[in-house]
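Thanks for making time this morning. I will go through one structure, with the model on the screen, and keep to what can be read from it.

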Amino acid sequence: MNNSFKHKIISLCIALILLTAGISLASFWWSTSKFNEAQVQRKIQVAQNVYQQYLKARERLLVTAATVLTADFGFKQAVATRDAQTISSVLLNHSRRIDADLMLLLDVNGDLISANAQGIEVPSDIRTWMQVLKNHQDHSAFVVLSEQLYQVIILPVRAPRTIAYSVIGFEVGKSVAEELKELTGMESSFVGATDKLKASSVAGLSLGSDLFAFLESQKTTRWLGEYAVYKSAEVNLPSLESNPISLVLSADLTTQYQEFDKMVFTIILLSTATILLGFITSGIVAKNLTTPLSKLTELAKRFAKGDYSAKLEESRPTQEICQLVDAFNGMGEDIQEREEQIRFQASHDYLTGFYNRNAALDKLHKVLAGGTEYYFIAIDIKGLRHINDKLGPRVGDDCIKAVAQRIAEINASDTGLNVRLGGDEFLVAHQAQACEDPQQAVLGIVQCAQRLNQDLSQPYMVQGLDISLRFSIGVVHYPKQAHTPEDVVRRALIAVDTAAHDGHEVYYYQSGEDEAHLERLQIIDELRQAINSDDGQLFMTYQPKLNMKSNRIDKVEALIRWQRNNGEWVSPELFIDLAEQSGLIVDLTQWVLNTVIAQVSNWSRQGEHIKAAINVSAQDIIDKDFLPHLQSLLQRHKVQPELITIELTERDMIENEEKGISVLQALKRLGVQVSLDDYGVGQTSLGRLKMLPIDELKLDKVFILKLAQSEKDQFIVNSTITLGHQLGFSVVAEGVEDKASLELLADMQCDYAQGYYLSKPLKADDFDLWLGRYHEVG
């Protein structure tokens, strides 16, 4: 392993050096190439500026000479009289004075009058030639005459009208190209489109040859490739369209190539030396690293076995190795500490430090293995949710901590088994007293539970607040009422839930309640399946409501029924209560709304305008989807909102009064009727009654069942009907069981009557038959 690691270190170092050298070389190559290209471009730009200044200077000389010549009176007189000898003398003298190579005098038609040299041939298109030159006005142009390139300028001779044209020019030959080369440092060549090369400073080129083909053919070999010797720039010169003239500036790159190659060769030599040095150095470093690392590997193996007393046997340990050994020791201690912390957190509640539920089951297996009898006490904090809502979750957490601390203090002398089962639920174990008298033993646990409740109910100081808490306590006996830890926990929770639900301070588990609890869970599960499958187990029945004024049935109350697949009936009070406890009530109500509104739509299509009252719960009212769902159902089934009445009990009205009132107001805006169910047996005060946005009061049947026999019930019902009418409500009496009660309600001007005297709740088809017979009887 040492050799392998050593080789890897050496390979890594060499690879890094190679990579660095390669990147450096590539970067240098790229940057230098770009720099050289930029230098060449700047050189060409400078050369262009120089040549422009050079040609302008010659152009100014031509303009001056031409101006002086055409302004000379004697010359103009000689031209006007066509004095050939005088004209020839003037042109010759003037050309010598300014070193002009070309002096021509042309008449207005372009015919040659005189010239400073013999053998000059005037081009056939002389008029076009003259027109182009005149278009340049005071600027020179480049033209070819007799195979020779000239820079010329043309000016008119006026006396006072134009009588001739004077053409003055300089020859552009090899001397001019050489002069430009001296000024710009670049090869200069003049090229014509028709006659090709006219003048050049490039050695070995003859006039008329192809300059660009020559420059393209000039190559130099370097770095296993061929590179161009020249980089050129072509500049168009003012000239004739028939024979355009251009100046080609060519930079010789040979010197730059040589300098660049020398620098690259130097970098390669330095990189090679660096690689050799790196190879030697990396071998030394690898050896110094791998030797102590092999010993540290042995230390790590000892740590893995739990032996953290590390000692490094090294003749000359470096400071870093010693620091690494110390770090290993610290790591071992930290690992031990974290393992203990993780084990504690896995088995304990982070907030209270009590055992959590899973750990409690393991602990209970050990506690119960001794065969000792125990009473297990489950404790639930009442109203903790309201504390969280009103004072905040931090205060709620501190309350849980304070309760846990007090439980630990109370239970310190017992088994010490303290468990936090859930958010506000705890479990403690109390060893049963060994008494020969069973009644005495029971009395002992009763006193213990009462004392525990009293101690826990003492005020708590939480964040400067004096908070009083109330508790529900459930007690289960082991082994009489539970045989396994799972039974203990489940049945203790059943007991404490019963205490909380029924308002007991202390409740003792009764045999058979666990089975009943499991039965309730099964009912909840089957109810969920029945809602989802909609297989006919759930169905609606409709109990008629008699309109006391018209003596007709124009309203029903929709009541849900459930018959299991095995034929067993489930009480509505039972499964509706379980639905509210389990949160299924919202789904159940949505199913009811859909079924009833669909039935009302069916009746409307049959010509029967029957209103239907639907019972909903407080959970439905606060559900954000309740109103949108109801509205969509009304639209889908095309049912008028006034045909639907929503019934709520007084308890549902006040459970979330602010939210409930806002929803009821929205229902009224939608056009749905609102009825207050079970009025008279709840907590609705007259002050609250006048504030509720309702349309109907529904008297509880406790006042109607014996209305004919009870004078007090008659007083209550009569006054309630009067009060309801005065507040603008219609009044419904449910629970009418006899004719006498119905007649009394008619005398009291009650609006609607409902009860078994009229009819029991019927399925939709049965209701249709009953309604038909009722109308036939009249």
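**Salt bridges, pockets and a sheet**

I start with a contact between two side chains: arginine 564 and glutamate 519 form a salt bridge, with 3.3 Å from N to O. A salt bridge here is a side-chain nitrogen of Lys or Arg within 4 Å of a carboxyl oxygen of Asp or Glu. This pair links distant parts of the chain, with arginine 564 in the loop between E20 and strand E21 (569–570) and glutamate 519 in helix H14, 45 residues apart. Helices (H or I, at least four residues) and strands (E, at least two) are DSSP runs, numbered from the N terminus.

Before going on, a word on where this comes from. This is a predicted model, in which local features need pLDDT of at least 70 and side-chain atom pairs count only at pLDDT 80 or more, while totals for chains, interfaces and linings use all residues. Residues are numbered from 1 along each chain as its sequence is written, and side-chain values use heavy atoms, with hydrogens and water left out.

Back to the pair. Is arginine 564 buried or exposed? Arginine 564 has 7% relative accessibility, so it counts as buried. Glutamate 519, at 31%, is partly exposed. Buried means under 20% relative accessible area, exposed means over 50%, and partly exposed is in between, with a 1.4 Å probe and protein chains only.

By the same rule for salt bridges, the count comes to 17. One of them lies within a helix: aspartate 525 and arginine 528 meet at 4.0 Å, N to O, and both lie in helix H14, three residues apart, about one turn of the helix. Aspartate 525 is partly exposed at 37% relative accessibility, and arginine 528 is partly exposed at 35%.

Another salt bridge joins lysine 698 and glutamate 734, at 3.9 Å from N to O. Here too the pair links distant parts of the chain: lysine 698 is in strand E25 (residues 696–699) and glutamate 734 in strand E26 (residues 730–734), 36 residues apart. Lysine 698 has a relative accessible area of 0% and is buried, and glutamate 734 is buried at 13%. Which residues belong to the network of salt bridges that share partners? Lys545, Glu557, Glu647, Lys698 and Glu734 are joined into one network.

The largest pocket holds about 1400 Å³ of space. It is lined by 34 residues, and the closest to its centre are Asp497, Ala500, His501, Glu580 and Gln581. On a 1 Å grid over the protein atoms alone, a pocket is an open set of points with protein on both sides within 12 Å along at least five of seven lines, whereas a cavity is a set where a 1.4 Å probe fits but cannot get out; lining residues have an atom within 4 Å of a point. Grid points are joined across faces, edges and corners, and a volume is the space filled by probe spheres set on the points.

Among the elements that each supply at least two lining residues of the largest pocket are helix H13 (485–502), helix H14 (513–533) and helix H15 (572–582). The lining divides into 11 nonpolar, 10 polar and 13 charged residues. Ala, Val, Leu, Ile, Met, Phe, Trp, Tyr, Cys and Pro count as nonpolar, Asp, Glu, Lys and Arg as charged, and the others, Gly among them, as polar.

The second largest pocket holds about 1100 Å³. Its lining has 39 residues, and those closest to the centre are Glu557, Leu559, Glu573, Ile576 and Asn615. Elements giving two or more residues to this lining include strand E20 (552–563), H15 and helix H16 (585–605). By type, the lining has 15 nonpolar, eight polar and 16 charged residues.

Next, a sheet. Five strands form an open sheet in the order E13-E14-E12-E17-E18, with mixed pairing. Strand E13 (418–420) and strand E18 (506–508) are the edge strands, each pairing on one side only. Two strands pair if DSSP finds at least two bridges between them. E12 and strand E14 (residues 425–431) run antiparallel and are joined by seven bridges.

Last, two backbone details. The peptide bond from tyrosine 478 to proline 479 is cis, with omega near 15°. Glutamine 463 has a positive phi, near 50°, in a residue other than glycine. At 51% relative accessibility, glutamine 463 counts as exposed.
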